[in-house]
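Please prepare a briefing on the structure shown below.

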Amino acid sequence: MATHRVEEDNQYDGQVNSKRHHSNSDSDSEEEEIDDQNWDDWEDENDAVEDQNLNPKLICLFCDSHYDSSSCLFEHCASAHLFDYDGIKKSYSLDFYKCFKLINYIRSQVAVNKCWSCGVKCLSNEDMQKHLHAAVNFDGSSFPWDDDRYLNPFLQDDSLLYSFDEDEEEDDDEADAMSLDTKELASYLSQFERIDIHDEGASSNGFENGGKNVEFSSNKDTNTANTSKNPIDVDTRVHSENGVCKSSSLKIAANEIKNINKNYFGAYSSFGIHRDMISDKVRTDAYKQAITENPSLVRNAVVMDVGCGTGILSLFAAQAGASRVIAIEASDKMAAVATQIAKDNNLLQNGISSEKNGVIEVVQGMVEELGNADHIQPHSVDVLVSEWMGYCLLYESMLTSVLFARDKWLKTGGAMLPDTATMFAAGFGRGATSIPFWENVYGFNMSSIGREVVEDAAHFPIVDVIDSCHIVTTTKVLQNFDLVTMQPKQMDFTAEIDLEPKLVSPSNNPTNSKPEPTWCYGVVVWFETGFTDRFCRENPVNLSTSPYEPSTHWSQTVLTFREPIAMASISDGEKSGEVGTSDCPAVGIHARISVVRASKHRSIDISMELTGFGAEGQKRNWPALIFNLN
């Protein structure tokens, strides 16, 4: 936009200079008159351009008509196309995000001549215009536009997306919400691509399961999801004046992020959560060993603890001989608690020069809000420590804050604790589900409940402890992260793995008879973080949440298939029937798994596409599974 304005300014300058050149032979009064006229013309044209930019035309959802306001546009849609936006919004209590999705969804359907309401595909746009009718009755629990890909603008520079709520009254607390740092809002929104929908991708199948039909693009060479092709141009949508956002459409997004952050940090004000984490011996011992048993790393070092909570890691660092420990905590309550604990243990820095002066200073606030803190010099930290991991490693999105602190304060060559993270995946069997429990409840068969629970689990990830005896396939690495060099965008990735059934032990099959197929009910995901010898030279440590190791408060993340897949490592000749059934067990499952930060702040979306392979090369694809962890 700025480049376009510069070019127009240059054209205007050229016009003015040209007229002045031709007026050199005229009198001074004539030259002044021409100059004044040229300047007036330039101002008029410039004002017209500015008016056009400030009042962009809104394009109808169904035709090429343009309008100056969203209210006029929706009145036209109701009268000409039988689309009652206000009525639909009120009937189904659609919030800002659902309305945002609805607009993009309708544009995507109209682009391929499909009725947005019933899904009928028409031969031409003209036929579609004739077909349009009032909205069908949706069940209210799910809509065809529920998919989060409709948070991505279908039309580039679609002004309607930034003005459809312009006539709504603003809440009294919106002004407070808009004090949110616009960089966080921009970063949050910029992760989304512009939608690219092709005819074949908009088939009637898109209306199955509530219309959830998602496409993912990835760079197979890097196993990283492509999430930045056409990001929302936040710079053209957000105007800043004294740090306050002006775009009405972003106010709700800003308020939502603020509320989520408030609830997130408020939850960590509960002492019960901190007791659970500290009581997790695997977790706490790993950090204690890495900090206290590597004296060459921590002694006389400046240590920063991001998200200190009670301050336990900061206490370890002070105990290990750190010269200064900067403990950062966003929760007001926990920052006060950490300060008191450090004081009670004579480790709080009090600013008075004495032998008993402590080394811990507690700083309250989000890391991103402390970028200009005078008392923390850039690139002055020797060791950055944080227990940032969430369920499925990346839930809670705290890693972005750690990477921000790394780039802002860690010295070149400084240490990260931990410095690596790895995600793993394997298939699990029937015993890891709730089916066996419901089959015999005090002698009664309640298996119908078990089946329903498993069906519901195909939509939502389950955090639970899985016994290693229920792992029925090989274990594969899903993704590796080098926390010293990785960038926040790498938190969104796509990986492809091949799972094979575990080999049958001869002791379990003494007669060498034909083994029964193994049924795989889903994929379980866990992680490990490494305090490697890159920094922990005396005593490297590995923190594992594997089902093969003692359990932790993170448990494992369970992703359940819609239907179990039969697997067998031994072929019994050519098989008939579908791959993955008892008649034709799969010898392997190819899984394409995508993990991305969700539209809801601090949540993640997981998609899983499965392909089964038979012993004779047969192949079967299953519909993609979408899970949201929030």
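Predicted model: local features only at pLDDT ≥ 70, side-chain atom pairs only at ≥ 80, totals over all residues.

Residues are numbered from 1 along each chain as its sequence is written, and side-chain values use heavy atoms, with hydrogens and water left out.

**Confidence**

- The average pLDDT of the chain is 78, and 70% of the residues score at least 70.
- Residues 48–53 have a pLDDT below 50, and in the model this stretch has six contacts beyond near neighbours in sequence.

**The parallel sheet**

- Helices (H or I, at least four residues) and strands (E, at least two) are DSSP runs, numbered from the N terminus.
- Two strands pair if DSSP finds at least two bridges between them.
- Five strands form an open sheet with parallel pairing, in the order β9-β8-β7-β10-β11.
- The edges are β9 (360–364) and β11 (410–417); each has a single partner strand, so one side of each is left without a neighbour in the sheet.
- On average, neighbouring strands of this sheet are turned by 25 degrees against each other, direction ignored.
- Axes are lines fitted to C-alpha atoms, for helices over the stretch in contact, and angles run from 0 to 180 degrees between N-to-C directions.
- Strands β7 (residues 302–306) and β8 (residues 324–329) run parallel and are joined by five bridges.
- Within this pairing, Met304 has Ile326 in β8 as its bridge partner.
- Helix α14 (residues 332–344) packs on the sheet and touches β8 and β9, with its direction at about 170 degrees to that of β9.
- Helix α15 (residues 399–409) lies across β7, β10 (381–385) and β11, and runs at about 150 degrees to β11.

**Burial**

- Buried means under 20% relative accessible area, exposed means over 50%, and partly exposed lies in between (1.4 Å probe, protein chains only).
- Helix α13 (residues 312–319) is mostly covered, with seven of its eight residues buried.
- The buried residues of α13 are Ile312, Leu313, Ser314, Leu315, Phe316, Ala317 and Ala318.
- Just after α13, Gly321 has a positive phi of about 100 degrees.
- Ser594 sits in strand β19 (residues 588–597) and is buried, at 1% relative accessible area.
- The side chains of Ser594 and Thr494 are joined by a polar contact of 2.7 Å.
- A polar contact is a pair of N or O atoms within 3.5 Å; within protein, one must be able to donate a hydrogen and the other to accept it, and residues adjacent in sequence count only if both atoms are side-chain atoms.

**Salt bridges**

- A salt bridge is a side-chain nitrogen of Lys or Arg within 4 Å of a carboxyl oxygen of Asp or Glu.
- The whole structure contains 18 salt bridges.
- Lys281 and Asp285 meet through their side chains in a salt bridge (3.0 Å, N to O).
- These two residues are four residues apart in helix α11 (residues 281–292), a separation of about one helical turn.
- Lys281 is exposed at 59% relative accessibility, whereas Asp285 is partly exposed at 26%.
- Glu387 and Arg283 form a salt bridge, with the closest N and O atoms 2.7 Å apart.
- Glu387 lies in the loop between β10 and α15 and Arg283 in helix α11, so the pair ties together parts that are 104 residues apart in sequence.
- Glu387 is buried, with a relative accessible area of 10%, and Arg283 is buried at 6%.
- Asp407 and Arg406 form a salt bridge, the closest N and O atoms being 2.9 Å apart.
- Asp407 is partly exposed at 41% relative accessible area, whereas Arg406 is buried at 6%.
- A network of salt bridges links Asp419, Asp482 and Arg534.

**The antiparallel hairpin**

- Strands β20 (residues 604–613) and β21 (residues 619–629) run antiparallel and are joined by nine bridges.
- Met608 stands opposite Leu625 in β21.
- The hairpin of β20 and β21 has five residues between the strands, and in this hairpin Gly617 takes a positive phi near 90 degrees.

Definitions and conventions:
Contact = heavy atoms within 4.5 Å. pLDDT = per-residue confidence, 0-100.
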